[in-house]
Amino acid sequence: MKQPFPFSAIVGQEDMKRAMILTAIDPTIGGVLVFGDRGTGKSTAVRALAALLPPIMAVEGCPVNAERMSDCPDWAGVTTDKTHEIPTPVVDLPLGASEDRVTGALDIEKALTNGEKAFQPGLLAKANRGYLYIDEVNLLEDHIVDLLLDVAQSGQNVVEREGLSIRHAARFVLVGSGNPEEGELRPQLLDRFGLSVDVASPTDIDERIEVIKRRDAYENDHTAFMVRWQAEDGMLRDQITAARVALKKLTTPEQSLRDVAELCIALGSDGLRGELTLLKAARAYAAFRDDTALTRGHIRDVAALALRHRMRRDPLDDAGSGTRVERIVAETLGS
Amino acid sequence: MTPLLRAHTALALLALDPALGGLVIRARAGAVRDAVMADVPAHTRLHPTMTAEALDGGIDVSATLGSRTLTQTRGLLAQNGLFVLAMAERAEPYIAARLAATLDKQEGHTLVALDEGIEDEAIPPALSDRIAFRVDLENCALSEICRPPTWPTPLSLGHVTATDDITEALVLLAVRLGIVSLRAVGFALRAAKAHAALNGRLETDQDDVTAAVALVLAHRATQLPADEETRETPNDPPPPEDAEQQAEPMGSLPQDMLLDAVLANLPPDLLAKLNAGTANRSATGSGAGQKKIGNRRGRPLPARDVGNDQGRVDLIATLRAAIPWQTLRRRDAPHRTAPIIRHGDLRHKRYIDHSDRLLIFTVDASGSAAMARMGEAKGAIELLLAEAYARRDHVALIAFRGMEAEVLLQPTRSLVQTKRKLAALPGGGATPLAAGLMAAQNMAVQARRKGLMPTVITLTDGRANMALDGTANRAQAATDAQSIARRLRTENVDSIVIDTGRRPEAGLAQIANILGGAYIALPRADARSLSNAIAQTLET
């Protein structure tokens with residue numbers, strides 16, 4: 001199997017890359033929504049992310065990738081406490097996947113061969129401690145969306161069916177992508193994504209040429225291309241690992257809290273989730289930049305990512321909520 | 001190149017470089033399509049409603065039960081090779097997404113999609129974007145059928161090179177043709193190289209690029225490049241010295257020649273649309289609301305033990321619930337041979353029934369209406385759209401003016417598209433009210449077939465002056481309008497008539513009466529009160 005296109009080799013799309021890096025530093029930010037035209041590298045970025053992320057330690061044979069044996073669900077019957085290194089899971093949730101496949105269901109194999117009632121974990125178990133990627137998220141069936149909302153909120157997957165009563169941890173970063181021309185996303189789901197990015201094809205000819213050239217090199221001069229860019233990816237990975245450590249020591253001045261609150265009031269974003277996400281994103285960004293304290297600059301740089309999709313929506317204003325956020329940020333925080 | 005020759009070339013290129021994804025053949029079943037299919041090598045046939053298990057494999061229940069060892073079926077996608085998707089325009093979003101992901105992996109899968117769509121029906125865009133080639137055989141005559149050409153033994157792809165000039169020329173051309181997706185340019189480059197290899201060349205030359213442009217870029221065009229003079233003033237004009245640098249490589253590969261290749265290969269209807277300047281980028285979406293989500297009436301949900309005896313028993317789910325217990329139960333009743341099913345195993349089918357509403361706006365864009373209160377009507381529709389968004393309704397837009405009615409927007413839930421279409425709605429011409437109602441009727445009947453609940457909202461000043469046969473005859477026009485209204489009534493479609501004229505029009509009230517719907521004279525007030533009036537009528 002061919003290695004995925006390296007993350008650092010993606011031309012442009014800085015917002016999208018930044019949003020994904022921030023969730024890698026602090027997974028509690030809660031997901032990225034990428035909306036934009038076809039062929040702008042949305043799927044490429046997500047698949048590249050899988051290769052970029054630092055590996056995690058997990059108990060061998062644990063279906064939910066638990067870190068310690070005590071965290072393994074008892075139905076899994078894990079007997080060893082040996083841990084091994086696995087890549088951060090990035091799980092694809094295909095459109096039209098059945099509820100059984102998402103939550104897990106009765107293990108038909110064991111039922112049929114041994115007459116034994118056992119649980120077969122679904123995609124949510126696989127995605128625990130990692131990423132769950134939904135392409136064309138706006139076309140997802142409503143009942144699957146409801147299910148995801150519930151799990152994303154509680155961090156726990158509960159299966160009560162076919163005589164099974166199972167629960168297991170399901171904490172994951174939800175990454176969704178889609179094309180807004182094919183349908184809108186339900187506001188409840190929209191709000192559940194921490195960050196939101198609008199991507200567009202680059203309008204600069206040179207940038208477009210560079211995209212094609214790199215893609216061509218990736219396909220035809222694979223080895224050399226990967227050597228060149230995997231080094232860059234490695235540096236980025238180290239930066240993410242360092243930022244995770246730095247995040248713990250980062251100080252948040254009172255003034256920043258005030259700035260965040262003022263900004264959210266000015267934007268009229270619903271609820272406090274916007275404030276929390278903005279703060280977390282700004283902190284992660286500061287850690288990524290290797291700064292020791294949170295400043296206005298950090299908040300300003302991630303405000304659009306964290307708040308764009310939380311404003312009271314005027315469905316007929318297609319001026320782009322990103323511009324509205326930027327204008328209000330400039331008014332509130334000064335430029 | 002004739003379309004058939006292009007199809008054969010595309011198939012040859014695909015065999016050489018599977019990463020090109022595949023070929024969409026837009027044609028109804030027939031001799032012409034069969035002629036192309038005869039050239040398609042051994043393949044696996046897919047149909048558009050296949051289940052996930054058929055594609056990805058699963059447990060073979062009967063074999064497992066029979067042998068008492070686990071028997072898996074291999075999914076069709078497990079093997080590489082060529083797949084043919086019949087009736088691609090009917091492909092469920094799941095199939096499209098699954099196939100798109102398979103093509104993305106570039107593990108040697110290629111797909112020939114047979115698109116038999118009529119008018120706006122087409123292969124899902126998520127899939128067609130990942131397929132390099134498309135040929136339209138709709139208008140091919142039997143006489144055009146030709147034997148597939150023979151090529152010299154192709155060279156190895158890895159040795160074929162393309163200069164940077166070629167890459168740049170392709171990128172530029174794609175921009176000028178309004179092709180947003182960069183995947184298209186990547187495909188064009190690959191196709192050019194494969195074409196060179198096919199013809200035994202190590203260096204990609206002009207012929208290869210021309211062929212690639214014709215095969216990959218032509219059908220994706222959404223605009224024709226502006227003329228020389230206007231092209232010089234794009235949003236940010238390149239600095240002069242830059243332009244000269246660019247002119248140099250272009251010399252070896254004239255853009256105009258590539259453009260001719262595009263023009264020669266544009267689908268005929270597309271060319272007409274492009275020339276009329278009505279081709280709209282917003283038309284790239286499928287309006288997926290219409291097919292996928294709209295067709296939800298009675299969609300089966302996973303069967304559940306609902307605890308009562310109503311509803312139909314879902315046999316498979318019941319068996320699945322009973323099977324784990326068979327070993328235990330057989331111990332109690334060793335003489336039984338058939339599966340032992342108890343009451344608690346019974347699972348009942350459940351269906352979900354969403355009554356998705358479709359609002360068909362039939363808007364009078366005639367000169368008289370435009371003079372009167374077009375702006376207010378537009379404002380009112382926008383408010384209704386906002387409400388439709390909140391209620392997850394579908395909307396469609398039909399405008400009538402001059403000689404005929406035009407469907408501006410098929411049923412969709414995308415507000416972005418609706419708003420764009422509405423803003424671009426021009427006014428002027430006569431008032432063919434009957435034609436407008438007829439278009440609305442057709443759409444309402446179609447929508448109902450898809451499980452939507454249509455409501456026709458007509459906005460007009462009511463002075464119908466264009467008869468159905470295209471003659472400007474006021475009396476005949478009024479009679480026509482009334483007879484169409486009667487037909488609409490027999491179809492049992494809800495409707496609302498909004499009079500946008502300066503004075504309430506008696507004839508229009510009469511039509512509303514025939515339609516059996518509400519008649520609202522556009523209040524002498526702002527758009528919001530109109531919107532409220534309609535909302536109230538819809539509620540009752």
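Between which two helices of chain A lies the loop that holds Asp290(A)? The loop runs between helix H11 (273-288) and helix H12 (296-307) of chain A. The legends below describe close-up views of a predicted model.

**View 1. Asp290(A) in the loop between H11 and H12 of chain A.** Asp290(A) is not a glycine, yet its phi is positive, at about 65°. Most residues other than glycine have a negative phi. The relative accessibility of Asp290(A) is 62%, and the residue therefore counts as exposed, the cut-off being over 50%.

**View 2. Gln13(A) in the segment before helix H1 (14-25) of chain A.** Gln13(A), which is not a glycine either, has a positive phi of about 50°. Its relative accessible area is 16%, so Gln13(A) is classed as buried, the limit being under 20%.

**View 3. Packing of helix H8 (residues 205-220) of chain A with helix H7 (residues 164-176) of chain B.** Two packed helices are described by the angle between their axes and the distance between the axes. For H8(A) and H7(B) the angle is about 125° and the axes are 9 Å apart. The two helices are therefore oblique to each other, and their crossing is right-handed. H8(A) contributes Ile205(A), Arg208(A), Ile209(A), Ile212(A) and Lys213(A) to the contact. From H7(B) come Asp164(B), Thr167(B), Glu168(B), Val171(B), Leu172(B) and Val175(B). Sorted by class, the contact of H8(A) with H7(B) comprises six nonpolar, one polar and four charged residues.

**View 4. Burial of strand S10 (residues 357-364) of chain B.** S10(B) is mostly covered, with eight of its eight residues buried. Arg357(B), Leu359(B), Phe361(B) and Val363(B) point one way from the strand. Leu358(B), Ile360(B), Thr362(B) and Asp364(B) point the other way. The residues pointing either way are all buried.

**View 5. Pairing of S10(B) with strands S13 (residues 453-460) and S11 (residues 394-401) of chain B.** S10(B) and S13(B) run parallel and are joined by seven bridges. In this pairing, Thr362(B) has Thr458(B) of S13(B) as its bridge partner. S10(B) and S11(B) also run parallel, and seven bridges join them.

Key
Residues numbered from 1 in each chain as written. Chains lettered and ligands numbered in written order. Predicted model: local features only at pLDDT ≥ 70, side-chain atom pairs only at ≥ 80, totals over all residues. Heavy atoms only, no water. Axes fitted to C-alpha atoms, helices over the stretch in contact; angles between N-to-C directions. Helix = DSSP H or I, 4+ residues; strand = E, 2+ residues; numbered from the N terminus. Parallel < 35°, antiparallel > 145°, perpendicular 65-115°, else oblique. Left-handed = near helix turned anticlockwise from the far one by under 90°. Contact = heavy atoms within 4.5 Å. Nonpolar A, V, L, I, M, F, W, Y, C, P; charged D, E, K, R; others polar. Buried < 20%, exposed > 50% of the residue type's maximum accessible area, 1.4 Å probe, protein only. Pairing = 2+ DSSP bridges.
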